[in-house]
Amino acid sequence: MNRFENQVALISGGLGAMGMAIARRLISEGACVVLGDLAQDSASKIAEVFPEVPRPDVVALDVSDAASWTAAVDHVLKTHGRLDVLVNNAGVVSTQSVAFDAIDLDEWRRVFRINVDGSLLGIQAAMRVMKAPQGRGGAIVNMGSIAGYVGSKEGGTYGSSKAAVRNMTQQAAISAARNGYNVRVNAVHPGYVWTPLIERKLIDQFGTEEKAKAAVRAMNPMNQIVEAEDVAAAVAFLASPDAKMITGADLVIDGGRLIQ
């Protein structure tokens with residue numbers, strides 16, 4: 001498929017495992033991809049993950065800073081001439097697992113600054129250049145989580161931030177549609193995704209990779225592990241013309257965990 005031929009996509013948090021997986025999928029379908037990330041020394045990593053051309057471009061991006069978003073989008077426009085897709089992928093988890101009444105306000109604000117403010121600023125920066133009449137329209141995909149749907153014993157900060165992203169997606173989508181912007185805004189909501197970060201955390205918890213994977217499979221009714229490529233496929237669908245009549249939607253990728 002070449003659903004993204006002649007299109008340009010910007011992915012925040014682009015040098016992480018999820019960002020790279022999304023980039024590989026979009027490039028495989030014809031997109032020109034720009035990875036926005038705080039990390040600067042990326043040449044060797046890019047060459048390793050993308051051994052064949054075309055390879056993604058990289059731009060410095062602090063998602064919590066409006067000026068950084070403006071500079072990143074300006075780079076995309078000056079270098080590639082257009083912006084068709086934004087994937088708001090950058091995000092963090094809380095460093096604290098505590099009861100809700102013990103949540104530290106500074107930690108709450110740190111998580112919200114990146115997960116919520118970062119998504120807001122990305123939507124705004126992309127929408128301003130995508131929207132009609134001066135733009136060509138476009139698609140924005142936000143990274144949510146099934147944590148935004150349910151409560152948890154000690155994950156209130158992260159879950160609350162992702163619940164905010166979920167509603168923000170709907171607010172942005174209806175605003176863009178009613179104002180005639182020709183910009184669609186949707187969100188994907190993964191469950192536990194097997195990435196190097198999660199792998200290290202769970203192996204520390206369960207002792208071995210085999211036990212860790214068994215524990216993750218047991219979380220899902222489908223008894224399978226959600227991979228970064230599964231999320232990338234969902235992002236590609238929502239950003240593509242195949243989803244041209246879908247906006248404000250939530251697409252859950254969790255092997256059925258949320259509905260059990």
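**A walk through the predicted chain**

Asparagine 6 counts as exposed, because its relative accessibility is 60% (exposed means over 50% relative accessible area, buried under 20%, partly exposed in between, with a 1.4 Å probe and protein chains only). Asparagine 6 sits in the segment before strand 1 (8-12). Its phi is near 65°, a positive value in a residue other than glycine.

This is a predicted model, in which local features need pLDDT of at least 70, side-chain atom pairs count only at pLDDT 80 or more, and totals for chains, interfaces and linings use all residues. Residues are numbered from 1 along each chain as its sequence is written, and side-chain values use heavy atoms, leaving out hydrogens and water.

Asparagine 182 also has a positive phi, about 60°, although it is not a glycine. Look for asparagine 182 in the loop between helix 5 (156-178) and strand 6 (183-190). It is exposed, with a relative accessible area of 54%.

Another loop runs between helix 2 (43-49) and strand 3 (57-60), and proline 54 lies there. A cis peptide bond joins valine 53 to proline 54. Omega is about 5°.

Now step back to the chain. It has 8 helices and 9 strands (DSSP runs numbered from the N terminus: helices are H or I with at least four residues, strands E with at least two). The C-alpha trace spans about 50 × 40 × 35 Å along its principal axes. Of the 260 residues, 47% are buried. Among contacts with a separation of 6 or more, 69% come from residues 24 or more positions apart (contact means heavy atoms within 4.5 Å).
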